[in-house]
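Here is a friendly briefing to read with the model open in your viewer.

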Amino acid sequence: MEADVSGPAPIAPDQLARTLAPFGKARMLPRAAYVSEDVLAWEREHFFDGTWVCAGRADLVAQPGGQLGTRIGSTGVLLMRGNDNRLRAFANICRHRGHELLACGASTTRGAVVCPYHGWSYELDGSLRHAPRTGDVPNIIESEFGLVPLAVDTWAGWVFVNVDGKAAPLAEHIGGFAEIAANWECERLAVGATHHYELNANWKVAIENYHECYHCPLIHPELSRVSPPESGDNVDDVSGAFVGGSMVLAPHAATMSIDGRSQGVPLPGLTDEQRREVMYINVFPNLLVSLHPDLVMTHRIEPLTPTTSRVECQWLFDPAAIAGPDFDPSYAVDFWDLTNRQDWAAVESVQRGINSPKFVPGVFTESEDAVYHFATMVASAYAGQPLARRSVVEA
Ligand code: FES
Ligand SMILES: [Fe+2]
């Protein structure tokens, strides 16, 4: 039986009220948020189908005919670039009997979409091209059997899909983050490396961990040497569905690497201040964007089950750096892979704690204001209110 996902999330309102209390008095999200199948079903409907979810870089389907199978929320998605160079998204479902048109994670470039089951084919704009050997079946009306279109848009070189088609425009979702990120010119950057991870943790445990460096002195000795854990400020701008803030680089460090040295090139549009810090921002729900002086790292998080998640981590560089004869992204990739693994060990341990019925939601310390921002954004939506974080200043 499918869970009832209309209305508020299946969590007791008094538990949500504890999370939505003023900063200093508030408690973490209730246990069900991290372990319940029903809550994840609700989140798929409201967060992953109901808002703009990042599906990766737009250059995954760079050429006309480019096609990519992926998954957003409840739905397989086919991303496709037409001969008119327009990027479109469709439900990855054949209109004959429902076979997937392209396996999730697969990509191809061809002039049409061809279903591997009985060979129905579709134009790059989603319209039915040909249904072979249908004999005298009279009701194959091409205009009725096009692929089901989904809302899609791009921002800064990333593709976003809104499965239910009811979200406000993407620009409203990104809000003030567009201005914060503008100088990095992310649309210009190219992927230099990609890692995949699977975590035994709820997707929100990974994001909450991202939003604080209270843990850094204990589990990230390498990171703490190049960026003081207590440095930086979180962003107060509440326009848009994003949460996060800055951390400052240590005086000897040009970027986040073991020795603080960069083997890339500084991004040309940054201010002097932006060259001395890293911004860590979560574009709700699934994209973490870490803006460095010489690169942009992203984590794209997908819930698999209430207690498991998949993460794609990418490092984006100036194309001029990648084109250099000796370019080697490992200074950044190895540093962050080490840091990622330190984080995953912690979040998996947290999940094991939460899995116990003896778990009781804890508090937000002073340095966990961004975790509070994130948790209140989630809790307000759980409670049936608009997706909006609580300010710590109102407390
Ligand atoms: S299900 Fe696609 S052609 Fe039959
Ligand atoms: Fe960490």
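## Strands, helices and pockets

Strand S7 (residues 121-122) and S8 run antiparallel and are joined by two bridges. Strands (E, at least two residues) and helices (H or I, at least four) are DSSP runs, numbered from the N terminus, and two strands pair if DSSP finds at least two bridges between them. This is a predicted model, in which local features need pLDDT of at least 70 and side-chain atom pairs count only at pLDDT 80 or more, while totals for chains, interfaces and linings use all residues. Residues are numbered from 1 along each chain as its sequence is written, chains are lettered from A and ligands numbered from 1 in the order in which they are written, and side-chain values use heavy atoms, with hydrogens and water left out.

**The three-stranded sheet**

- S7 and S8 belong to an open sheet of three strands, ordered S6-S7-S8 with antiparallel pairing.
- Strand S6 (113-114) and strand S8 (128-130) are its edge strands, each pairing on one side only.
- Tyr 122 stands opposite Leu 128 in S8.

**The six-stranded sheet**

- Another open sheet has six strands in the order S11-S16-S15-S14-S13-S12, again with antiparallel pairing.
- At its edges are strand S11 (190-199) and S12, each of which pairs on one side only.
- From one strand to the next, the twist averages 15°; angles run from 0 to 180 degrees between N-to-C directions, and axes are lines fitted to C-alpha atoms, for helices over the stretch in contact.
- Five bridges link strand S14 (residues 287-291) with S15 in the antiparallel sense, and Leu 287 stands opposite Arg 300 in S15.
- H10 packs on the sheet, where it touches S11, strand S13 (277-283), S15 and S16; contact means heavy atoms within 4.5 Å. The direction of H10 makes about 20° with that of S11.

**Helix contacts**

- The axes of H3 and H11 come within 11 Å and cross at roughly 95°.
- By class, the residues of the contact of H3 with H11 are six nonpolar, no polar and one charged. Here Ala, Val, Leu, Ile, Met, Phe, Trp, Tyr, Cys and Pro count as nonpolar, Asp, Glu, Lys and Arg as charged, and the others, Gly among them, as polar.
- H6 also meets H11: their axes come within 8 Å and cross at roughly 145°.
- On the H6 side are Trp 203, Lys 204, Ile 207 and Glu 208, and they meet Val 371, Phe 374, Val 378 and Tyr 382 in H11. This contact has six nonpolar, no polar and two charged residues.

**Pockets**

- The largest pocket holds about 590 Å³ of space. A pocket is an open set of points on a 1 Å grid over the protein atoms alone, where a 1.4 Å probe fits, with protein on both sides within 12 Å along at least five of seven lines; lining residues have an atom within 4 Å of a point. A volume is the space filled by probe spheres set on the points, which are joined across faces, edges and corners.
- Of the 36 residues lining the largest pocket, Tyr 210, His 211, Glu 212, Cys 213 and Met 247 are the closest to its centre.
- H10 gives the largest share of this lining, five residues. The lining of the largest pocket has 16 nonpolar, 14 polar and six charged residues.
- The second largest pocket has a volume of about 490 Å³. Among its 26 lining residues, the closest to the centre are Thr 70, Arg 71, Arg 300, Glu 302 and Glu 312.

**Backbone details**

- The peptide bond from Phe 284 to Pro 285 is cis, with omega near 0°, and Pro 285 is found in the loop between S13 and S14.
- Ala 156 is not a glycine, yet has a positive phi of about 55°. Ala 156 sits in the loop between strand S9 (149-155) and strand S10 (158-162).
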